[in-house]
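Here's a quick briefing on a protein model, grouped by topic. Take a look at the structure first, then read on.

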Amino acid sequence: MILQRIYDDELAQAAYLLGCESTREAIVVDPSLDLDRYLEAARAENLRITHVTETHIHADFVSGSRALAAATGATLHLPGEGGPDWSYAEATTGNAPPAGEARDPGHAAAIRFLRDGDTIDVGTVRLTALHTPGHTPEHVAFLVTDTAVSPEPVGMLSGDFIFVGDVGRPDLLERAAHVAGTMEPSARQLFASLRRVRTLPDGLQIWPGHGAGSACGKALGAMPQSTLGYERVANRALTITDENEFVREILSAQPEPPRYFARMKRVNRDGLAASPPHDPPRLDARGVDAAMRDGALVLDTRPSAAFVRQHVPGSICVPRSRSFTTYLGAAAPEECAVVLLVAAAGDVPALRLHLHLVGFDRVVGWAVTADVLAERSSLGLPVGSLELTTVDAVSDGPAAAATPMLLDVRSAGERQEGVIPGVTEVALSQLDEWARAHPQTRPVVIHCGTGSRAIIGASILRARGYDVVQPLAGGYKAWVAAGHPVSIPTST
């Protein structure tokens with residue numbers, strides 16, 4: 001058996017290529033829209049992609065399963081266990097029956113909906129679907145057996161069921177897709193799914209769908225794989241034996257989901273393929289302003305320190321980094337036109353690709369930020385900047401009318417460590433909506449853990465009309481290091 005993990009650092013997302021050494025057939029599991037990565041990996045191993053599948057309807061990126069199956073003529077296997085309320089569109093629109101195979105030339109050589117226990121044979125490699133609801137109702141994991149070696153499974157492609165050090169969060173249907181009343185039932189389903197794998201051997205390899213940095217859990221480890229036996233002793237979720245305790249623990253302190261997750265669930269359920277990235281025009285200073293007036297989100301992708309010194313007024317600081325899509329998810333509405341401000345023209349292709357992977361295809365222009373800022377100065381147009389403040393300059397008592405409002409934009413899990421007394425808690429992903437509903441009435445000091453997200457938050461507030469906003473240099477960690485008082489939350 002050939003196995004390759006194909007990992008996207010910015011999405012913290014893993015797809016897998018599995019191939020049979022004798023027949024040279026292959027299957028790709030959980031691909032994104034970056035199809036070239038999977039095609040090139042298959043060519044390098046002299047494999048033919050004959051099957052494509054995914055573990056569930058993803059929320060954090062646009063699935064490439066349909067597109068890859070269409071590009072290769074492969075059979076497309078989709079989980080068929082979602083029930084009437086959460087199923088793939090092909091199962092409900094007559095494009096395919098609820099189980100078995102159906103021809104669909106527009107998508108793939110064939111579409112097959114998988115039920116619990118169904119198998120996919122790729123030469124001598126066998127994938128057995130294991131229905132593991134909880135993260136989502138339709139979720140399946142795949143037990144992988146190299147039948148040429150042993151009849152026993154060697155590993156599990158666990159998707160968003162079991163991660164290294166964590167399990168898939170069961171609150172996304174309610175908090176991201178807005179399906180009310182699903183968090184607790186999903187958590188109980190997840191508990192039952194974990195109990196179901198009790199009989200599987202400790203030596204079973206665990207190949208998860210995400211790594212550290214993903215918003216699909218709250219404590220994902222950085223190791224690329226694990227074993228079921230190790231997770232049984234090291235993964236808190238797998239050590240809890242009481243169902244009610246598990247529900248309380250798994251639902252507590254989950255990070256706020258990025259705003260675009262709701263649209264991703266719909267796109268991936270309904271198969272609304274994102275448009276291929278096009279070549280947007282290069283804009284001058286007036287062109288950037290015109291796009292902003294038309295409602296475009298202007299993203300300054302330079303390092304945050306550069307944004308602090310100078311920026312285009314109304315632009316949002318979303319630095320190009322491994323956290324780019326996470327920060328984008330905090331700043332961007334579900335769907336909007338985008339203008340990219342970059343440090344260098346060579347940054348544009350990679351940024352466009354990552355926007356494409358999360359469904360932001362309306363890139364209406366780009367510009368080199370330094371050129372735009374220089375042009376603005378020559379035209380007498382305003383140039384923005386931010387002034388940071390220090391922990392010693394901030395009052396350690398409750399905010400009063402004459403003192404700044406202190407905003408904490410850390411996640412719920414981070415705030416469990418402690419908060420600054422008198423702080424207003426608004427997660428970064430909720431800040432834009434909060435600012436629209438709360439016009440500025442006094443100066444604002446905004447902080448995160450160490451300072452970088454506070455600058456992003458400050459840029460959002462400034463774009464929403466807040467005039468006096470100061471990021472707190474060093475954030476909460478600097479506050480604690482300086483010996484200032486903190487409050488420890490008593491509940492989650």
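The side chain of S459 comes within 3.0 Å of the backbone nitrogen of C317. Bear in mind that this is a predicted model, where local features need pLDDT of at least 70, side-chain atom pairs count only at pLDDT 80 or more, and totals for chains, interfaces and linings use all residues. Residues are numbered from 1 along each chain as its sequence is written, and side-chain values use heavy atoms, with hydrogens and water left out.

**Around S459**
- S459 sits in helix α16 (helices are DSSP runs of H or I with at least four residues, strands are runs of E with at least two, numbered from the N terminus).
- S459 counts as buried, at 2% relative accessibility (buried means under 20%, with a 1.4 Å probe and protein chains only).
- Leaving aside neighbours within four places in sequence, S459 is in contact (heavy atoms within 4.5 Å) with F307, S315, I316 and C317.

**The six-stranded sheet**
- Six strands make an open sheet with mixed pairing, in the order β8-β9-β10-β11-β12-β13 (pairing takes at least two DSSP bridges).
- β8 (119-122) and β13 (226-227) are the edges: each has a single partner strand, so one side of each lacks a neighbour in the sheet.
- β10 (residues 140-146) and β11 (residues 155-159) run antiparallel, joined by three bridges.
- F142 has L157 in β11 as its bridge partner.

How values were computed:
Buried means under 20% relative accessible area, exposed over 50%, partly exposed in between (1.4 Å probe, protein chains only). A polar contact is a pair of N or O atoms within 3.5 Å; within protein, one must be able to donate a hydrogen and the other to accept it, and residues adjacent in sequence count only if both atoms are side-chain atoms.
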